[in-house]
Amino acid sequence: IYEGDGAGKPTGFANSTVNPAFISVSKETGQSAATIVSNNVIKMRSRLWAPSRANSVWFINQDTEPQLSLMTITVGTGGVPVYMPASGLSEDGYDRLYGRPVVPIEFAATLGTVGDIVLADLSQYVLIDKGGVRQDTSMHVAFATAEQAFRALLRVDGQSLWSSALTPFKGTGNTQSPFVGLATRS
């Protein structure tokens with residue numbers, strides 16, 4: 001469901017090729033390759049459809065964590081951290097970015113490429129299954145080795161509920177969506 005192409009698998013919410021609602025936020029002018037800066041996160045959140053803020057989750061590649069840990073917003077001569085590691089400040093065990101949970105997943109792209117950090121509201125993604133889990137056994141598959149084979153099948157499909165990003169009635173004209181990623185930084 002993260003980056004599937006829809007061919008024999010669900011359509012991924014973080015795949016701009018098959019999910020026209022996915023928004024890719026541009027990097028900052030002069031931003032170094034393979035970096036994430038606080039302005040990236042601020043702009044990603046501003047492009048998230050406002051009703052999705054309460055349900056949104058940050059999905060990241062684990063390689064992005066050193067970048068996130070160093071992010072601050074300058075205030076006077078000091079700064080305020082943007083990223084809050086799980087501790088006394090994060091009561092549910094999840095790291096936090098802009099107050100929302102940060103979930104490292106192995107499906108996210110490597111640092112510096114689109115999909116390495118995605119802000120998504122999965123309540124705007126529909127997943128259906130057909131018939132539940134089907135389980136089969138066979139003693140014939142590996143008869144010569146006196147082994148029995150087992151398999152489980154689950155038929156699912158999924159896609160974004162949105163067919164395109166939303167252009168707000170008023171504002172700058174920047175589109176909004178429940179699925180926002182950061183463009184490649186190379």
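Predicted model: local features only at pLDDT ≥ 70, side-chain atom pairs only at ≥ 80, totals over all residues.
Mentor: Strands here are DSSP runs of at least two residues, numbered from the N terminus.

Trainee: Is alanine 146 buried or exposed?

Mentor: Exposed means over 50% relative accessible area. Alanine 146 counts as exposed because its relative accessibility is 74%. Its backbone deserves a look too: alanine 146 has a positive phi of about 55 degrees, although it is not a glycine.

Trainee: Where does alanine 34 lie?

Mentor: Alanine 34 is in the loop between strand S1 (23-25) and H1. Here too phi is positive, about 55 degrees, in a residue that is not a glycine. With a relative accessibility of 31%, alanine 34 counts as partly exposed.

Trainee: Now a charged residue. Where is arginine 47 placed?

Mentor: Arginine 47 belongs to helix H1, residues 38-47.

Trainee: Which side chain of opposite charge is nearest to arginine 47?

Mentor: A salt bridge needs a side-chain nitrogen of Lys or Arg within 4 Å of a carboxyl oxygen of Asp or Glu. For arginine 47, the nearest side chain of opposite charge is glutamate 28, 10 Å away. Arginine 47 is therefore without a salt bridge, yet it is buried.

Trainee: What does the side chain of arginine 47 reach?

Mentor: It reaches the backbone oxygen of threonine 175, at 2.7 Å. Leaving aside neighbours within four places in sequence, the contacts of arginine 47 are Ile23, Val25, Asn174, Thr175, Gln176, Ser177 and Val180.

Trainee: Which residues make the nonpolar surface patch?

Mentor: Ile1, Leu122, Leu127, Val133, Leu154 and Val156 make a patch of about 500 Å². Strands S9 (125-142) and S10 (147-160) each supply at least two of the patch residues.

Trainee: Where is leucine 122 found?

Mentor: In the loop between strand S8 (117-120) and S9. Leucine 122 counts as partly exposed because its relative accessibility is 34%. A patch residue needs over 30%.

Trainee: How many residues apart in sequence are threonine 77 and alanine 50?

Mentor: They are 27 residues apart in sequence, and their C-alpha atoms are 32 Å apart in space. Threonine 77 is in the loop between strand S3 (72-75) and strand S4 (78-81). At 90% relative accessibility, threonine 77 counts as exposed.

How values were computed: Residues numbered from 1 in each chain as written. Heavy atoms only, no water. Patch = residues over 30% accessible without salt bridge, like charges linked within 9 Å, V, L, I, M, F, W, Y side chains within 5 Å. Areas by Shrake-Rupley, 256 points an atom, 1.4 Å probe, with all protein chains shown as cover. Helix = DSSP H or I, 4+ residues; strand = E, 2+ residues; numbered from the N terminus. Buried < 20%, exposed > 50% of the residue type's maximum accessible area, 1.4 Å probe, protein only. Lys, Arg positive; Asp, Glu negative; His and termini not counted. Polar contact = N/O pair within 3.5 Å; in protein donor to acceptor, adjacent residues only side chain to side chain. Contact = heavy atoms within 4.5 Å.
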